[in-house]
Amino acid sequence: MVALSGEIKEIFNKNKVIPMATASKNGVPNVAPMAAIQLVGDDTVWIMDNYMVKTLENLKENPIVALYFYDPESRRCFQIKGATEIKTSGPDYEKFREKMKAKSDKYPAKSLVVMKITDVFECTPGKEAGKKVL
Ligand SMILES: Cc1cc2nc3c(=O)[nH]c(=O)nc-3n(C[C@H](O)[C@H](O)[C@H](O)COP(=O)(O)O)c2cc1C
């Protein structure tokens, strides 16, 4: 079980928009920016499907995703990977849906993508680049 450190969580939270990479079952990659994204505890990320198209198609075929987040001040960068589950009902979905709707009614809040983090890598340029952290 992976548990993000305080520093990694801080850098995640500094990023307003995080790129989300998925792949089809045939290995065709896709990357899309996500702003409705938040950490839950030390090992879970919630992403709201408002407008996902290829991302959602890929998740249904292949649940593994990768994200990266970067802090321009410290130049630290982390890549995280994990397995996702798509929820269209239940307390977690309702909680995030309410948060979206409170921001604006324009958000469709179609489904909640729950990502359980399995791996963390450093993407800071330099000698640590690419190393597995967790
Ligand atoms: C700054 C920014 C933030 C975005 N945030 C989200 C988001 O939180 N959830 C979402 O479903 N789509 C979001 N989108 C839209 C997706 O990035 C993308 O357009 C959509 O998923 C369709 O692309 P796809 O076919 O690659 O999935 C955002 C787009 C931008 C430019």
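In the hairpin of β3 and β4, three residues lie between the strands, and G41 takes a positive phi near 65°. Helices (H or I, at least four residues) and strands (E, at least two) are DSSP runs, numbered from the N terminus. This is a predicted model: local features need pLDDT of at least 70, side-chain atom pairs count only at pLDDT 80 or more, and totals for chains, interfaces and linings use all residues. Residues are numbered from 1 along each chain as its sequence is written.

Strand β3 (residues 37–40) runs antiparallel to β4, joined to it by four bridges. Pairing requires at least two DSSP bridges between two strands. Q38 stands opposite W46 in β4.

The ligand has 16 residues around it; A32, A36, V53, K54 and T55 come nearest. Here, near means a C-beta atom, placed from the backbone, within 6 Å of the molecule or strand.

| Element | Residues |
|---|---|
| β2 | 29–34 |
| β4 | 44–49 |
| α2 | 54–61 |

β2 gives the largest share, four residues. The shell holds 11 nonpolar, three polar and two charged residues.

Helix α2 has T55, N58 and L59 as its buried residues (20 or more other C-beta atoms within 10 Å of their own, C-beta atoms being placed from the backbone). Seen down the axis of α2, they fall within an arc of 100°, so they line one face of the helix. These buried residues pack against β1 (18–23), β2, β6 (77–87) and β7 (111–122). Contact means C-beta atoms, placed from the backbone, within 7 Å.

Terms used. Nonpolar A, V, L, I, M, F, W, Y, C, P; charged D, E, K, R; others polar. Buried ≥ 20, exposed ≤ 12 C-beta atoms within 10 Å, placed from the backbone. Arc of directions from axis to C-beta. Contact = placed C-beta atoms within 7 Å.
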